[in-house]
Amino acid sequence: KKTSVMKPQKHDKPVNIRRRRLLRALAVAPAVGTVACGKSGDSGGSPPAMATRTWKLGFSPVSARPTAISVIEGIDHWSLRSELAIIHEQMPWTDLLNGMSPDAILDRDKVDLVNYMRGKGLKLVYMGDLDDGLARDMEAPQLRALGRSITEPAVQQAYQDFMLAVVNKLQPEYVGLAAETNLIRAVAPAALYDAVVTTANNTAAAIRTAGSTVPLIISVQVETAWGVLAGAGSGTYVGVEQDFTDFPFAEILGLSSYPYFGYAEPEDIPNDYYTRLLQGHTLPAMVMEGGWASSNAAPLFSSPDKQARYITRHADLLDSINAVAYLQLVFADIDLSVFPPPIPPNLPLFVSIGLTDSDFNGKPALDAWDALHARTLV
């Protein structure tokens, strides 16, 4: 079933001014990220009696297609069914290492974007990636192009300076300093993982020294912890105890979960899928990224029905840990036909995670998400 999508509501004059400023900024800024956002309508049907949730919902402010209009259109709509926005991105290494100040980069690329989202009532989560988000065994693409490495003290300092500027200028409600750390440890050279540990810990200390009390996060890859991720799994549960040890500053454990990489059906996911990772710890947790594909991408097989069933199944897992948040980076399917080459080789595995297609026509998963959003947030 296709879910009809309503037109966005008209906004007051200040919002329209922010919209025009943001369009100008995005027209000259680099791409906001590597995954898609999308379009939404109203908040869906009425919830079951007494249905509640502890977890805020959110999406990423990037578009199905890499255009400024698509970015704005997406925010105008998905903000109606969320409380949070997440910017999850790799560092602007080229500009940083060529001498551009973090403040100047943020003024150019992010300030108007964040102000626009805050004008929608959204709170901000910022995750600053330390390596290649689509290939955890490798340095970030811009560092590779420059012949540089996160193992260099100067590069680590650039990351620290940029994240301090993010905290001071954007004032996010949550800050992540390393993503999918257990996957990096499993597949990357030891020197790369050690540099991630060092950089994240030093940056956390600098943020606290600067006087900020923003909650700090690292994320782990759930399928890797369960040993079911191809290329990074042993077939048996391995957990994330090393991550608790290596990143003691973390006040929230972020979860990255794409269970269709390990399970054929949403109902196959174990009931303790999240609780087992947290056993013996009192740290709160939030899902920082994840989802379930709606179409086949060899060697994976899925369908729109499976995707919708996953959204519903996921609510039980979130409830099992009283999760802080459930963030999905991809709202609308990624339109690979308009993205410039080279296309990362594993990106096709993620392009159909959206709750709508690339033209923002709703899938069955959109109705399932709406049912979650309709719960009373407690």
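How many helices and strands does the secondary structure of the protein chain comprise? In this predicted model there are 14 helices and 10 strands, taken as DSSP runs (H or I, at least four residues, for helices; E, at least two, for strands) and numbered from the N terminus. Residues are numbered from 1 along each chain as its sequence is written. Local features need pLDDT of at least 70 and side-chain atom pairs count only at pLDDT 80 or more, while totals for chains, interfaces and linings use all residues, and side-chain values use heavy atoms, with hydrogens and water left out.

**View 1. The setting of Ser-149.** Ser-149 lies in the loop that connects helix 6 (141–146) with helix 7 (153–170). Because its relative accessibility is 13%, Ser-149 counts as buried (under 20% relative accessible area, with a 1.4 Å probe and protein chains only). Leaving aside residues up to four places away in sequence, Ser-149 touches Glu-139, Leu-143 and Val-155, contact meaning heavy atoms within 4.5 Å.

**View 2. The packing of helix 4 against helix 7.** Helix 4 (residues 102–109) packs with helix 7 at an angle of about 50°, the axes being 9 Å apart, where axes are lines fitted to C-alpha atoms over the stretch in contact and angles run from 0 to 180 degrees between N-to-C directions. That makes helix 4 oblique to helix 7, since angles under 35 degrees count as roughly parallel, over 145 as roughly antiparallel, 65 to 115 as roughly perpendicular and the rest as oblique. Residues making the contact include Ile-105 and Leu-106 of helix 4 and Phe-162 and Val-166 of helix 7.

Terms used
Buried < 20%, exposed > 50% of the residue type's maximum accessible area, 1.4 Å probe, protein only.
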